[in-house]
Amino acid sequence: LSVSSKNFRWQMEYLKKHNYNVISMQEGLNKIKSKNIKGKNIIISFDDGYQDFYINAYPILSSLSFKCILYIAPGYIESGKCYWWDKDIGNSSLLSWYQLQSLSKRDIITIGSHSMDHLDLRNLDKSELEKDLLSSKQELECKTGCSVSDFSFPQGFINEAVKYAVKNIYKSGVLISNGKAITNKLKEDEAFTLKRTAVQRSDGRYLFIARIKGWLTLEETAKRLIKGLFRK
């Protein structure tokens, strides 16, 4: 959820040193379409739109010419609202519209949608769901002046209705739990449920390396099971 300058720098320098190819989401989609998934490709993404991206992460990414995508829930930007996980501190320190406009003009930055209000989309009826997805896209495009075609599922929650609605509005969708592994066997239709790997602020060197190399599949399986139990 937040970015430590010290940790983030060595993580990015590790990618640079070990010749990872840091690409945009569109470049990733092109590779999926052409069945050209090979080599060490990385798409760097951030959810929620915290200020520390602008302060800590962006200068490092810029210095390395690394591309990334920011998934934003525009209903929270300059609204005074606080994400539920920040309730204890009483504030979510988020980017301003001015900062997002500035970032959106950078070649290395792509702006994506994280829904309008970061709700569990499974709880919305069809009209509410479509309104949320469309209003998020339209608000981001209006405020930043850039096209928004990529989506990140809030909390990774998804069902067939949500997937179908996202597919009708966006070109891609990403989630951690139950995401589809990106290989040459991936179908274009599965670009709406792409697997992503969460890197935590607290991750040390070895845990970070294990995550990007895909060595923590057991941990991901356990998280899916726990989510399923709580959902029931």
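Residues are numbered from 1 along each chain as its sequence is written, and side-chain values use heavy atoms, with hydrogens and water left out. Because the model is predicted, local features need pLDDT of at least 70 and side-chain atom pairs count only at pLDDT 80 or more, whereas totals for chains, interfaces and linings use all residues.

Helices (H or I, at least four residues) and strands (E, at least two) are DSSP runs, numbered from the N terminus. Strand β4 spans residues 68-72, and five of its five residues are buried, so the strand is largely enclosed by the rest of the structure; here, buried means under 20% relative accessible area, exposed over 50%, and partly exposed in between, with a 1.4 Å probe and protein chains only. In a regular strand the side chains alternate between the two faces of the sheet. In β4, Cys-68, Leu-70 and Ile-72 point one way, while Ile-69 and Tyr-71 point the other way, and all are buried.

Two strands are taken to pair if DSSP finds at least two bridges between them. Strand β3 (residues 44-47) runs parallel to β4 and is joined to it by four bridges, with Cys-68 of β4 as the bridge partner of Ile-44. Between β3 and β4 the chain passes through helix α3 (residues 51-64), and this β-α-β crossover is right-handed, a term used if, with the strands pointing away from the viewer, the path from the first strand over the helix to the second runs clockwise. Strands β4 and β5 also run parallel and are joined by five bridges; Cys-68 stands opposite Ile-109 in β5, and Ile-72 stands opposite Ser-113 in β5. The chain crosses from β4 to β5 through helix α4 (residues 97-104), again in a right-handed β-α-β crossover. Four of the five residues of β5 are buried, so this strand too is largely enclosed by the rest of the structure.

Within helix α4 lies Leu-100, which is buried, with a relative accessible area of 0%. Contact means heavy atoms within 4.5 Å, and, not counting residues up to four places away in sequence, Leu-100 touches Leu-70, Ile-72, Ile-77, Leu-95, Ile-111 and Thr-144. By comparison, the C-alpha atoms of Leu-100 and Ala-210, which are 110 residues apart along the chain, are separated by 32 Å.

An α-helix has 3.6 residues a turn, so residues three or four places apart point the same way. In helix α2 (residues 25-33), the residues Met-25, Gly-28, Leu-29, Lys-31 and Ile-32 are buried. They cover an arc of only 160° around the axis, which puts them on the same side of α2, the arc being that of the directions from the helix axis to the C-beta atoms. These buried residues of α2 pack against β1 (21-22), β2 (41-42), β4, β6, β7 and β8 (194-195). Just after α2, Lys-35 takes a positive phi of about 55°.

Helix α6 (residues 160-169) has Val-162, Lys-163, Ala-165, Val-166 and Ile-169 buried. They cover an arc of only 165° around the axis, which puts them on the same side of α6, whereas Glu-160, Tyr-164 and Asn-168, on the other side of α6, are exposed. The cover over the buried residues of α6 includes α5, β6 (150-152) and β7 (172-175).

A pair of aromatic rings is described by the distance of the centres and the angle of the planes. Rings of Phe, Tyr and Trp (its six-membered ring) pair if their centres lie within 6.5 Å, and planes under 30 degrees apart count as stacked, over 60 as edge-to-face and the rest as tilted. The structure holds 12 aromatic pairs. The rings of Phe-46 and Phe-53 have centres 4.8 Å apart and planes at 65°, so this pair is edge-to-face, and both residues are buried. The rings of Phe-151 and Tyr-170 have centres 5.1 Å apart and planes at 35°, so this pair is tilted. The latter pair links distant parts of the chain, with Phe-151 in strand β6 and Tyr-170 in the loop between α6 and β7, 19 residues apart; both Phe-151 and Tyr-170 are buried.
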